[in-house]
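Please look over the sequence and the structure shown below before reading on. The briefing that follows takes up the chains, their contacts and some single residues in turn.

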Amino acid sequence: MMISVASGKGGTGKTLVTTNLAASVGGVVLVDCDVEEPNSYLFFPRREDETCTDCDVMIPVIDDEKCKRCGRCSEFCAYNALAVFPKQVLLFKELCHGCGGCALVCPEGAISEGTRAIGKICRARSGDVGLLWGELSVGEPMATPLIRSVKAEAKGDLVLIDSPPGTACPVIEAVRGSDFCLLVTEPTPFGLYDLSIAVQVVRGMEIPCGVVVNRSGVGDRGVYDYCKREEIPILLEIPMNREIAELYSRGVLFSEAMAEWRDEFVELKRKIEEAAE
Amino acid sequence: MKQIVVISGKGGTGKTTMTASLATLAEGAAVLADCDVDAPDLHLILKPRVLETFDFLGLKTALIDPDKCTECGECEKACRFDAISDFVVDPASCEGCKVCTIVCPSEAVSMVDRISGHAYVSETRFGPMVHADLFPGEEASGKLVTMVREISARVAEKEKKDLIIIDGSPGIGCPVIASITGTDIALVMTEPSISGVHDLERILGVTQHFGVVAMVSINKYDLNLEMTGKIEGLCREMGVEIAGKLPFDPGVVEAMISGKTLVEAGGPVGDAIREVWDRIRTKL
């Protein structure tokens, strides 16, 4: 089973929920797809067998000897990643999506394909929790290929995906293929607005969803009214609690420090399984 | 014309709340731009009245004509984005590269425009605002950010405003890069947690990489003074000025619910933001 944890708004507690759920139920692979800012592994300081490998994407390699500067490649490129000058062809590698089109259209056979790293994929183990995360290199714009590669490695009976914030393409890539999507929000107008966009995204993908309300007790009733109206189950509420916030800030799992919460997360998993049926 | 962008590595650190408060302090002298196009919240506080709407054309997507398709499977083989299966294109996966159009032996694939969102020019109680919404799940958020910034620059010129205040998105990827390039100051919001520190280090790497001057504001600094100390140390090491430290205050959520900026609502955070504003203006 694959469960993704997403939210429209950032900072609502995706990582808080994913890490505590993983540690409480055990026997899971936790996949951090927030490759721009991966944090989940920080909450498992006793990591074993940690290894990292480069995540490569395809880029064109141009043979200046064969190239006649005809410009077909640059005309074809949908991303403006190639510019043809009288003496050479320049590649703006960060703009390249690696589609391979330039190599196909080159009449001289002057373009072959090579690779370049845009980030790394790391794996480790902490007790019976498998950890997998991607880390996009600073200055690289495209998270999606890295998310795709990280997910390709995720294998197990229970896979938990920590998604990036927002509702655009990286989120789609992270959530795609999951059996259930847990949407984490906070009971505020910002939380509600972004939740409503996220719900449209997961419904568009035909993935069943449920909500976790974090920092409950502050804010207003907007999120609750919305969930009721839209018939989205609220599966867990985590109260606004200084102790939880302080434990999180130090990188400590609150379900370990406050043992009663472990059962809450085990119960959350049961509710997810029931709702995903 | 000067441009200030409010960003953060980690989400939920108070970018929008800060932007709205800076808008109040600018007293009508700035154009406000919401570049957090896939989770835009600034309108909830500024309540813009839309004056003009523009279509945003995102990436073109491939479309297979079933009448011409011979089901040879060449397009599916050539697509690097796994966007074609059973001779149908999944628009959510298609990146618009056009490779399928050239490998198709029967000219069954064409590229079609698609409207991926809207951009708006509006007026607010603090002056003109440019904002957008990206349709849920769409690509090319960086391109929409660029569109919002281009419109903002036009509005600023027309309305004779010499400042643009930009609300950015979290992360370090394409919409963030599109938000910060060419700005004068990036105000980086962070919070004193292990995640906040980790993300701050990476986003400061990005501002450095693109040659943008960064200043840091620590939100809820009193929740963990040890981590706040770490952030201050990190900023010193990287030569980044601290613009301010905002205390934890439950009044922040109340202000959000009543649709007020923190400067309008008054209180300790509003006071701290005034100091941030003064430091930014000195730097500009």
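Which residues are buried in helix α8 (residues 242–249) of chain A? They are Ile244(A), Leu247(A), Tyr248(A) and Ser249(A), where a residue is buried if 20 or more other C-beta atoms lie within 10 Å of its own, exposed if 12 or fewer, and partly exposed in between, with C-beta atoms placed from the backbone. This is a predicted model, in which local features need pLDDT of at least 70 and side-chain atom pairs count only at pLDDT 80 or more, while totals for chains, interfaces and linings use all residues. Residues are numbered from 1 along each chain as its sequence is written, and chains are lettered from A and ligands numbered from 1 in the order in which they are written.

**Chain B as a whole**

- The secondary structure of chain B comes to 11 helices and 13 strands, helices (H or I, at least four residues) and strands (E, at least two) being DSSP runs numbered from the N terminus.
- Along its principal axes, the C-alpha trace of chain B spans about 70 × 40 × 35 Å, and buried residues make up 57% of its 284 residues.
- Chain B is divided into domain 1 (2–57 + 117–283) and domain 2 (61–113), with bounds that come from an automatic or database domain assignment, and 40 Å separate the centres of these two domains, taken over C-alpha atoms.
- Among contacts in chain B between residues at least 6 apart in sequence, 77% join residues at least 24 apart, two residues being in contact if their C-beta atoms, placed from the backbone, lie within 7 Å.

**Where the chains meet**

- The contact between the chains takes 49 residues from chain B and 50 residues from chain A.
- On the side of chain B that touches chain A, at least two residues each are supplied by α4 (99–103), α5 (141–158), β10 (163–170), α6 (174–180), α7 and α9 (251–257) of chain B, and the largest share, eight residues, comes from α7(B).
- The residues of this side of chain B divide into 21 nonpolar, 18 polar and 10 charged, where Ala, Val, Leu, Ile, Met, Phe, Trp, Tyr, Cys and Pro count as nonpolar, Asp, Glu, Lys and Arg as charged, and the others, Gly among them, as polar.
- The buried residues of α8(A) pack against α1, β11 (234–239) and α9 (254–257) of chain A, together with α7 and α8 of chain B.

**Helix pairs**

- In chain B, the axes of α7 (residues 194–209) and α8 (residues 225–238) come within 10 Å and cross at roughly 15 degrees, the axes being lines fitted to C-alpha atoms, for helices over the stretch in contact, and the angles running from 0 to 180 degrees between N-to-C directions.
- The helices α7(B) and α8(B) are therefore roughly parallel to each other, since angles under 35 degrees count as roughly parallel, over 145 as roughly antiparallel, 65 to 115 as roughly perpendicular and the rest as oblique.
- Val197(B), Leu200(B), Glu201(B) and Leu204(B) of α7(B) make this contact with Met227(B), Lys230(B), Ile231(B), Leu234(B) and Met238(B) of α8(B), which by class gives seven nonpolar, no polar and two charged residues.
- In chain A, the axes of α1 (residues 14–25) and α10 (residues 260–276) come within 8 Å and cross at roughly 95 degrees, so α1(A) and α10(A) are roughly perpendicular to each other.
- Here Asn20(A), Leu21(A), Ser24(A) and Val25(A) in α1(A) meet a set of residues in α10(A) that includes Trp261(A), Phe265(A) and Leu268(A), and the contact has six nonpolar, two polar and two charged residues.

**Single residues**

- Most residues other than glycine have a negative phi.
- Asn80(A), in the loop between α2 (72–76) and β4 (82–84) of chain A, has a positive phi near 55 degrees, and Asn80(A) is exposed, with 10 other C-beta atoms within 10 Å.
- Lys47(B), in the loop between α2 (42–46) and β3 (49–57) of chain B, has a positive phi near 45 degrees, and with 12 C-beta neighbours inside 10 Å Lys47(B) counts as exposed.
- Just after α8(A), Gly251(A) takes a positive phi of about 85 degrees.
- Ser141(B), in helix α5 of chain B, counts as buried because Ser141(B) has 28 C-beta neighbours inside 10 Å.
- Leaving aside neighbours within four places in sequence, Ser141(B) is in contact with residues including Ala168(A), Val37(B) and Cys174(B).
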